Amino acid sequence: TLVARCLEGDESAWEQMVRVHTRRVYSMCYRFTGSDGQAQELAQEVFLRVFRNLKSFREGQGSFATWLTRLTRNLLIDHYRRTRLDRVTDSIENQLPVLEQTHGGEGRAGQALAGREASEILQHGLQKLSPELRETVILRDLEGMEYREIAQVLNVPEGTVKSRLNRGRAELARVLRRHKVVV
């Protein structure tokens, strides 16, 4: 497997692993922080941790993707705790993400602007959720993970995952309605 090749020192395997998983790790970091710059830095830190801790991965205890998601989640929680004071002092403008236009030449400018506004509102809504609710909503609704996988990543029972997801969705819907977004 790719992990075994990495552990044997195969540099091309490491490059392939990073290439395969970068988008997912970055996406989780971005959804959690709402900042492109922070997401890039955190994704780099995730892969540094993977490099340092890859030997602790046990194939019989779950998939590599689940292990990587758990590692990413733990790093995001650490980051959240470290930056709590910074967030209190930041202005709301600094918390809104700077989004890249993902549909370059596709569609009209009005559609791209509407999509960008919707993404900003969604990101703003996610930032209003508690970390526990936010990570559960991100893992299920944005990353498409199964309840069982989320339970493994968060190290909580599936019932807790479902409860957090329900509360997170309800809170997110309430925030979006305040911004006059139909949910």
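Good morning. The crossing of helices H2 and H8 is right-handed, a term that applies when the near helix is turned clockwise from the far one by less than a right angle. The model is predicted, so to speak of local features requires pLDDT of at least 70 and side-chain atom pairs count only at pLDDT 80 or more, whereas totals for chains, interfaces and linings use all residues. Residues are numbered from 1 along each chain as its sequence is written, and side-chain values use heavy atoms, without hydrogens and water.

The axes of H2 (residues 11-33) and H8 (residues 131-142) come within 10 Å and cross at roughly 140°. The two helices are therefore oblique to each other, the class left once angles under 35 degrees (roughly parallel), over 145 (roughly antiparallel) and 65 to 115 (roughly perpendicular) are set aside. Contact, meaning heavy atoms within 4.5 Å, involves Met-28, Arg-31 and Phe-32 of H2, and residues of H8 including Pro-131, Arg-134 and Ile-138. By class, this contact has 6 nonpolar, no polar and 3 charged residues.

Finally, His-79 lies in helix H4 (residues 64-82). His-79 is buried, with a relative accessible area of 10%, the limit being under 20%. Beyond its neighbours within four places in sequence, His-79 is in contact with Thr-33, Gln-38 and Leu-42.

Definitions and conventions. Axes fitted to C-alpha atoms, helices over the stretch in contact; angles between N-to-C directions. Helix = DSSP H or I, 4+ residues; strand = E, 2+ residues; numbered from the N terminus. Nonpolar A, V, L, I, M, F, W, Y, C, P; charged D, E, K, R; others polar. Buried < 20%, exposed > 50% of the residue type's maximum accessible area, 1.4 Å probe, protein only.
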